[in-house]
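Subject: A structure for you to look at

Hi there,

Here is the structure I promised to pass on to you. Please open it next to this email and follow along as you read.

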Amino acid sequence: MSRIETGIVAYTLSGDYYARVGADFDTEAVDDAILAQLNRLVPVGITVERSGRVLADEDLADVARRIDWTALLKQIDVDQILADHAR
């Protein structure tokens, strides 16, 4: 089945966010952990790549376009991920 790019999602934490929490983190590992959780939250057949591109099986393209990415990202416990990846 063909896969279609349906959008881009910004899932990485900003430098400002890291500055606010004031510690040193393995930012690459944090990004990977957020991405992994995000991909667990989306329906099977929809994938967010490391670049932020959203790919969906052809029959799920409309579903992917309707996803509320902000709401999904709010479900992820970023504080716990940061705690797991502090240096």
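Let's begin with Thr6, which sits in strand β1, a stretch covering residues 3–8. Please keep in mind that what you are looking at is a predicted model.

Is Thr6 buried or exposed? Its relative accessibility is 15%, so Thr6 counts as buried, given that the cut-off for buried is under 20%. Leaving out residues up to four places away in sequence, Thr6 touches Val54, Ala56, Ala61, Ala64 and Arg65.

Next, find Asp57 in strand β3, which runs over residues 53–57. Which side chain does the side chain of Asp57 meet in a polar contact? The partner is the side chain of Arg3, at 2.8 Å. If you set aside neighbours within four places in sequence, the residues in contact with Asp57 are Met1, Ser2, Arg3 and Gly45.

Now move to Arg50, in the loop between β2 (46–48) and β3. With a relative accessibility of 44%, Arg50 counts as partly exposed, because that class lies between the 20% and 50% cut-offs. The side chain of Arg50 is joined to the side chain of Asp32 by a polar contact of 2.7 Å. Asp32 is also one of the residues that Arg50 touches, along with Tyr11, Glu28 and Leu35, when residues up to four places away in sequence are not counted.

How many helices and strands does the protein have? There are five helices and three strands, and along the sequence they follow the pattern β-α-α-β-β-α-α-α. The C-alpha trace spans about 45 × 20 × 20 Å along its principal axes.

The protein has 87 residues, and 37% of them count as buried. Among contacts with a separation of 6 or more, 67% are between residues 24 or more positions apart.

Enjoy exploring, and write back with any questions!

Best wishes

Notes
Residues numbered from 1 in each chain as written. Predicted model: local features only at pLDDT ≥ 70, side-chain atom pairs only at ≥ 80, totals over all residues. Heavy atoms only, no water. Helix = DSSP H or I, 4+ residues; strand = E, 2+ residues; numbered from the N terminus. Polar contact = N/O pair within 3.5 Å; in protein donor to acceptor, adjacent residues only side chain to side chain. Contact = heavy atoms within 4.5 Å. Buried < 20%, exposed > 50% of the residue type's maximum accessible area, 1.4 Å probe, protein only.
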